[in-house]
Amino acid sequence: MARVLIVGGFLALIFWVFSVVDCAVQPATRHRGVPKGAWIAIVVLIPVLGGILWFALGRRRRDRESMRQVAPDDNPEFLRTLGKSEQDDRIRKLEEELARLDDETDGPAPDPRS
């Protein structure tokens, strides 16, 4: 039984330290509810329960929109930076490449008599 208590206490200590460090290094914009200093005090003064509260209620998750990467062709801001002539040149080059690839795949027709 003593081993279980020692291991449990050690795990609680690790979780507590991790919670304090995580709360301290997060920018103030990622704290919900109360200010950053109050969250640090909650996590420090109420060791395990404070850490659980921090991860469940206080820590704001990243916005999914900011995590999502967009290809340049799908990004309206990037497309606005391109001039009309640049877009036309790009389309012309793509059409030429497609035509060249199409010509390469079209070989002579097989002889139906053989």
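Colleague: Before that, what sort of model is it?

Modeller: It is a predicted model, in which local features need pLDDT of at least 70 and side-chain atom pairs count only at pLDDT 80 or more, while totals for chains, interfaces and linings use all residues. Residues are numbered from 1 along each chain as its sequence is written, and side-chain values use heavy atoms, with hydrogens and water left out.

Colleague: How many helices and strands does the chain have?

Modeller: The chain has 6 helices and 0 strands; these are DSSP runs numbered from the N terminus, H or I of at least four residues for helices and E of at least two for strands.

Colleague: And what percentage of the residues counts as buried?

Modeller: Of the 114 residues, 11% count as buried, meaning under 20% relative accessible area with a 1.4 Å probe, protein chains only.

Colleague: Turning to packing, how do the axes of helix 1 and helix 2 cross?

Modeller: The axes of helix 1 and helix 2 (residues 36–45) come within 9 Å and cross at roughly 175 degrees. Axes are lines fitted to C-alpha atoms, for helices over the stretch in contact, and angles run from 0 to 180 degrees between N-to-C directions. Helix 1 is therefore roughly antiparallel to helix 2, the term for angles over 145 degrees.

Colleague: Which residues make that contact?

Modeller: Helix 1 contributes Trp16, Ser19, Val20, Cys23 and Ala24, and helix 2 contributes Lys36, Trp39, Ile40, Val43 and Val44. Contact means heavy atoms within 4.5 Å.

Colleague: What about helix 1 and helix 3: how do their axes cross?

Modeller: The axes of helix 1 (residues 2–25) and helix 3 (residues 47–58) come within 9 Å and cross at roughly 45 degrees. That makes helix 1 oblique to helix 3; oblique covers the angles left after under 35 (roughly parallel), over 145 (roughly antiparallel) and 65 to 115 degrees (roughly perpendicular).

Colleague: Which residues of helix 1 and helix 3 meet?

Modeller: Ala12, Phe15, Trp16, Phe18, Ser19, Asp22 and Cys23 of helix 1 meet Pro47, Val48, Gly51, Ile52, Trp54 and Phe55 of helix 3.

Colleague: Is Asp22 buried or exposed?

Modeller: Asp22 counts as buried because its relative accessibility is 9%.

Colleague: What does Asp22 touch?

Modeller: Leaving aside residues up to four places away in sequence, Asp22 touches Trp54, Phe55 and Arg59.

Terms used:
Buried means under 20% relative accessible area, exposed over 50%, partly exposed in between (1.4 Å probe, protein chains only).
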